[in-house]
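Visitor: Please take a close look at one part of this model, the sheets and the helix packed on them. How are they put together?

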Amino acid sequence: MESVVLGTGALALLVYALAFASPYGLRVLTVAGVYALATFGFQIVFGLGGALSLAQGAFFGVGAYVTGILGSRYGLGFEATFPLSMLVPLLLALPVGLAVLRLESHYFALATLGIAQVLHLLAVNLPDLTGGSNGLAGVPPAVLFGWTVPRGLPMAGLVWGLVALGGLIGWRLARGRLGRSLTMLRDDALAAATLGLDVGRLRLAAFGISALFAGAAGALAVHTQRVVSPEVLEFPVMVSILTIAIVGGRGRMAGAVLGAVLLLHLPEWFRFLERGYLVVYGVALLATVVLAPDGLTGLLDRIAAHRIAVRLFGRKPRPLAAAKEPPLPPAHPSGLSVEGLRKSFGGVRAVDGVSLDLRPGIITGLIGPNGSGKSTVINLLSGLERPEAGRVLLGGQEVTGARADRLARAGLARSFQAAALPDEAGVLEAVAAARLAVDPDAATAEAHARWALDRLGVGGLAGRSCDGLPAALRRRVELARALVRRPAVLLLDEPAAGLTDGEKAELAAVLRDLAGEGMAVLLVEHDMGFLLPLAGRVLCLDRGRVIYDGPADGVRRNSAVAEAYLGPAGSA
Ligand SMILES: Nc1ncnc2c1ncn2[C@@H]1O[C@H](COP(=O)(O)OP(=O)(O)OP(=O)(O)O)[C@@H](O)[C@H]1O
C-alpha cells in the first residue's frame, strides 16, 4: 500500500512537471524540493532523535550564503560551491553541537535558535562579504559538467534528482543503526545509555547530518532564486521546515516530501480566495495536525492497516530474521566489586559506605525498607548516578564514575523498576536496540534479539508492539534486552513485582539458568518468598547502610533486619 501511494505520488509529480506545470508552477515545485531536502536532515535530528533543533534554518542560510558568496564574488562553480555549502554548516554544527547538545530540550531549542540570530546579525553587518541587508544579486546558475542548468524544468529536475538521492540516503540512515539508536534515545535517553548507546555522540552525529542536508538545500535555493539575502536566515524558513516535518509525519523521509509539496502548494491553491487565503491555509494546517497527529504519512499507515485496505491490497508481515546466538564479548569480565560507595541527595545520605561483591554464578539479593537506597545502588553501579566516594571494579578494571554506556559496553546490564520499553517500538526492535552498539548492522542485531526472546520463552512476541504488553511479558522482554548483550553482570530492580505466583516461578527458573551460565546477578526484591530460595547471599540496607551481609537463610533470624525491615515474624 505504502509503495502504491509513493509510486502514484512520484508519477503524478512527474506528469504534472512535464505536461501541466507553468514556469511559475515549476518554480514552486523546485522550491518544494529544496524544502524537502532541508527537512530530511531535520527528520533525523528532530523526528528520530527528538532534539528540537531550531538551527536547521540557520544551516540552510549558511549553505545559501556559501554558494552565494563563492559563486557571485569568486566565480566558483557548482562542483566546488555545492560540497562547500554542505561542509561549512557541518563545521559550524560540530562545535556548536558539542556545546549545546547536552542542554535540556527547551534550553537546547533556545540555544539553537540563538545561532540563527547571531548569523543573521553577521549577514547584515558584514556588507563587504555578504552584501548586508540587500544581500548578493547575480548568483550564477548551477553549472554541471560544463552544462549551465537553466531555470524551469532542468533546475526542477536537478533539485528533485537530489531530493530522490537525499531521500534514499535519509531513509537508509533512518532504518539503519543510527536511526534505530536515535529513536531509542528519543524515547528514553537514560535507558538508551544503559543499552550501551553513546547518547552524546549519536546526537552530535544527527546534528551534523542535519546540517549537511540543510546546507545542500540552501545551496539549491540560491541557484533557484539567483540571489541571497538575510531572509534565508530568518525564522520563517525554520517554521516552514518544522511545519513540513510535523504535517508530513515526524521521522519519515516520505513525510518530508509530502509535507513540502503540500505546504508550498497550499497557498497557491487557495490564492483565488485573495485575502481570505491565509485563514483557509491556517485552518487546513490546523485540521491536519488535529486529525493526523502522526502526520499525513502516519495517517496513510493507519488507512493501510484498515481491514478494507488490507483486503484490497494485502499486507505481508515483515519477514523476521532467523534467530542467531550472540557471541560472548571477546574480553568478558568476571564479577563486580564495590567498596565504600557513597551518594547523597541534598541532605539525604541515600547510600552510605556500601561495599559488595557480585561473583560469577551467584545471585545476590539486595533488600531493605522503602527509601533505604537499593535503587540508588543500582543507579550508581550502572552509571546513571556518579558516586561521591567509593570504588567500583568490573572484572578487576577500575570503572568508578564511568558513564552508563561505557559500563554497558564493558559487560554490565540492568533492568528498571518499571520496565523501560519504548511504547512506539516493536518488541523485536526494542530488544535489538541493545545490540546496536556492538553488532555491525540492524539485521544482525535483530537475529540476536530473536535468540534472546526465544531463550526467555517469548519468541512469539517478536512481531508485536511493546505498547499494551501485560506486565509479566514486559519484564520478560526487558530481561531479553539485558540478556541479548551477554552481560557478565546483571542488575535487576524488582523484577518480580506484579507477577503471579506461576510467573514468578518461571522467572526464578530463568534467573537460576542465567546464574548457572556464570552470570553475576544482583536482585533487588521485596518478595522474600521469591528471593530467599534464589539468592546465595543477601545484603540488607537501612538508610543507605548495610545492616546485614550474609547467607540467605540467616536473613529471617537476624534481629537488625527484623527490626528495620521484615518485622518480628519475618513477614515481608
Ligand atoms: N534523584 C533523587 N533526588 C533526590 N532524592 C533521591 C533521588 N533518588 C533517590 N533519592 C532519595 O534517596 C533515598 C533512597 O532512595 P532509593 O530509591 O534508592 O530507595 P529504594 O530502597 O530503592 O526504595 P524503594 O524500595 O521504594 O524503591 C530516598 O530517601 C529517596 O528519596
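Guide: In this predicted model, strand β5 (residues 363–367) and strand β11 (residues 537–542) run parallel and are joined by four bridges. One of the pairs in this region is Thr364 with Arg537, its bridge partner in β11. Both strands belong to an open sheet of six strands, ordered β8-β9-β10-β5-β11-β12, with mixed pairing. The edges are taken by β8 (412–414) and β12 (545–551); each has a single partner strand, so one side of each is left without a neighbour in the sheet. From one strand to the next, the twist averages 15°. Helix α16 (residues 374–381) packs on this sheet, where it touches β5, β8, β9 (489–493), β10 (520–524) and β11. The direction of α16 makes about 150° with that of β9.

α16 also lies across β3, β4 and β6, and runs at about 115° to β3. These strands are part of an open sheet of four strands in the order β4-β3-β6-β7, with antiparallel pairing. Here β4 (348–358) and β7 (397–398) stand at the edges, and because each has a single partner strand, one side of each is left without a neighbour in the sheet. Within the sheet, strand β3 (residues 336–345) pairs with strand β6 (residues 389–394) in the antiparallel sense over five bridges. Glu339 stands opposite Arg391 in β6.

Terms used. Residues numbered from 1 in each chain as written. Predicted model: local features only at pLDDT ≥ 70, side-chain atom pairs only at ≥ 80, totals over all residues. Pairing = 2+ DSSP bridges. Helix = DSSP H or I, 4+ residues; strand = E, 2+ residues; numbered from the N terminus. Axes fitted to C-alpha atoms, helices over the stretch in contact; angles between N-to-C directions. Contact = placed C-beta atoms within 7 Å.
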